[in-house]
Amino acid sequence: METRIKELRAKHGFTQDELAKRVEVRRETIVFLEKGKYNPSLKLAHAIARVFELKIEDVFILE
């Protein structure tokens, strides 16, 4: 799964650690998400989208 997390983090000025803390996961989870090596739960996808004030489909791109 492709994501816009890295792009959105940069736009909002968040580090991986800051985003991880906001959505209550480990920084490594954010790393794996950004590399497309982890598919998030619906709960996590929703939490990330909420941080960026976007819809889930605007953050995660299904291939």
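**View 1. Glu 7 pairs with Arg 4 in a salt bridge.** The closest N and O atoms of the two residues lie 2.9 Å apart. A salt bridge here is a side-chain nitrogen of Lys or Arg within 4 Å of a carboxyl oxygen of Asp or Glu. The model is predicted: local features need pLDDT of at least 70, side-chain atom pairs count only at pLDDT 80 or more, and totals for chains, interfaces and linings use all residues. Residues are numbered from 1 along each chain as its sequence is written, and side-chain values use heavy atoms, with hydrogens and water left out. Glu 7 is partly exposed at 45% relative accessibility. Arg 4 is partly exposed too, at 26%. (Buried means under 20% relative accessible area, exposed over 50%, partly exposed in between; 1.4 Å probe, protein chains only.) The whole structure holds five salt bridges.

**View 2. Arg 9 meets Glu 34 in a salt bridge.** The N to O distance is 2.4 Å. Arg 9 lies in helix 1 (residues 5-12) and Glu 34 in helix 3 (residues 27-34), so the pair ties together parts that are 25 residues apart in sequence. Helices are DSSP runs of H or I, at least four residues, numbered from the N terminus. Arg 9 is buried, with a relative accessible area of 10%. Glu 34 counts as buried at 19%.

View 3. Asp 17 is partly exposed at 33% relative accessibility. Lys 21 is exposed at 60%. Elsewhere, salt bridges with shared partners join Arg 26, Arg 27 and Glu 28 into one network.

**View 4. The largest pocket has a volume of about 180 Å³.** On a 1 Å grid over the protein atoms alone, a pocket is an open set of points where a 1.4 Å probe fits, with protein on both sides within 12 Å along at least five of seven lines; lining residues have an atom within 4 Å of a point. Volume is the space filled by probe spheres set on the points. Among the lining residues are Arg 22, Val 23, Leu 44, Arg 50 and Val 51. Helix 2 and helix 4 (42-51) are the elements that give two or more residues to this lining. Helix 4 supplies the largest share, five residues. By class, the lining has five nonpolar, one polar and four charged residues.

Technical notes:
Ala, Val, Leu, Ile, Met, Phe, Trp, Tyr, Cys and Pro count as nonpolar, Asp, Glu, Lys and Arg as charged, and the others, Gly among them, as polar.
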